[in-house]
Amino acid sequence: MARQSLSLPVILIFPLLFHIALAKTLKRDVKALNEIKASLGWRVVYAWVGDDPCGDGDHPPWSGVTCSTVGDYRVVTELEVYAVSIVGPFPTAVTNLLDLTRLDLHNNKLTGPIPPQIGRLKRLKILNLRWNKLQDVIPPEIGELKSLTHLYLSFNAFKGEIPKELAILPELRYLYLHENRFSGRIPAELGTLKNLRHLDVGNNHLVGTIRELIRLDGCFPALRNLYLNDNYLTGGVPAQLSNLTSLEILHLSHNRMTGIIPVGLAHMPRLTYLYLDHNNFNGRIPDAFYKHPYLKELYIEGNAFKPGVNPIGVHKVLEVSDTEFVV
């Protein structure tokens with residue numbers, strides 16, 4: 001009996017080990033990664049040894065490449081090649097890695113547009129292209145990435161309007177578009193994103209009003225951080241903005257906004273940072289703001305408020321790192 005009980009685990013485990021040993025990387029992914037390897041500079045190539053990006057018996061997986069076993073094959077699920085001075089156009093071969101869930105090419109020197117083939121990456125959850133030199137408009141095919149939760153496109157040279165197709169990404173939580181050359185109005189359709197927590201469109205060439213942005217009933221139900229600073233927004237702060245009860249940060253600095261500040265904003269339960277500076281606001285700041293239990297900073301300089309209106313806290317630039325959001 002003892003010999004039989006010892007042999008049973010071996011019988012069960014051996015097929016599993018045999019299966020793992022036989023698992024090969026999908027030819028589609030091997031071809032795509034080798035095409036990418038051929039187009040990249042020496043900083044990446046020196047760490048990508050061998051022909052199989054998922055590794056083989058003689059070489060480990062390529063640096064920045066994560067693979068998973070699906071059925072009888074290994075597939076590439078994550079590609080992270082950042083801060084290595086990649087020069088040239090966006091590597092279109094990336095869009096052949098159909099099982100990617102994370103693509104991180106940030107802090108390189110990529111140029112040109114995002115190719116429309118990006119829409120092929122149906123499983124992609126995180127797309128980080130910030131701090132490059134990418135240009136042109138965002139392709140409408142971005143709306144085909146239905147699994148996307150994090151989109152980082154900041155610090156590039158994208159132009160044109162912010163595509164409405166972003167509003168059909170049901171899982172989108174974090175949208176970073178600041179420091180580009182976007183123009184036109186911010187699509188009000190973004191307010192239909194039920195999971196959107198962070199929207200940053202600061203430092204662009206955007207026009208329009210907040211009233212237009214929040215015109216849809218029940219908009220932005222989960223939004224915590226709204227950055228609209230350093231654009232060309234006009235009009236006032238509508239009282240309806242107080243309906244965004246999850247809002248913690250409201251950044252309106254350096255626009256062309258006018259009018260008084262409605263007292264309803266002081267009753268937003270989670271409001272912590274309110275930046276109104278360098279606009280054309282007037283009147284007084286309602287006393288309720290100074291009694292708000294969580295408001296840490298109220299920055300008001302560069303407006304036409306009546307004498308006696310005082311700021312709250314010491315103004316500082318808020319920078320939130322990607323590591324606080326990327327999962």
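## Surface, strands and cores of a predicted chain

The chain exposes about 16100 Å², and carbon and sulfur atoms supply 55% of that area. The structure described here is a predicted model, and the values below should be read with that in mind. Of the 327 residues of the chain, 47% count as buried. When contacts with a separation of 6 or more are considered, 52% of them are accounted for by residues 24 or more positions apart.

**Strand pairing around strand 3**

| Strand paired with strand 3 | Residues | Sense | Bridges |
|---|---|---|---|
| Strand 1 | residues 24-25 | parallel | 2 bridges |
| Strand 2 | residues 65-70 | antiparallel | 6 bridges |
| Strand 5 | residues 102-104 | parallel | 3 bridges |

Individual residues can be followed across these pairings. Thr-25 has Arg-74 in strand 3 as its bridge partner, while Val-65 stands opposite Leu-79 of strand 3, and Glu-80 stands opposite Asp-104 in strand 5. Strand 2 and strand 3 also form a hairpin with 2 residues between the strands, and in this hairpin Gly-71 takes a positive phi near 65 degrees.

In soluble globular proteins, nonpolar side chains tend to be buried together. In this model, the largest nonpolar core has 81 residues, and those with the most contacts inside it are Leu-79 and Phe-220.

Which residues does Phe-220 touch, not counting residues up to four places away in sequence? Phe-220 touches Leu-190, Gly-191, Leu-196 and Leu-199, and also Leu-213, Ile-214 and Leu-244. A second, separate core of 5 residues includes Tyr-227, Ile-249, Tyr-273 and Tyr-299.

Note on methods:
Residues are numbered from 1 along each chain as its sequence is written. This is a predicted model: local features need pLDDT of at least 70, side-chain atom pairs count only at pLDDT 80 or more; totals for chains, interfaces and linings use all residues. Side-chain values use heavy atoms; hydrogens and water are left out. A nonpolar core is a set of buried Ala, Val, Leu, Ile, Met, Phe, Trp, Tyr and Cys residues joined through side-chain atoms within 4.5 Å. Buried means under 20% relative accessible area, exposed over 50%, partly exposed in between (1.4 Å probe, protein chains only). Contact means heavy atoms within 4.5 Å. Accessible areas come from the Shrake-Rupley method with a 1.4 Å probe; for residues, only the protein chains shown count as cover. Two strands pair if DSSP finds at least two bridges between them. Helices (H or I, at least four residues) and strands (E, at least two) are DSSP runs, numbered from the N terminus.
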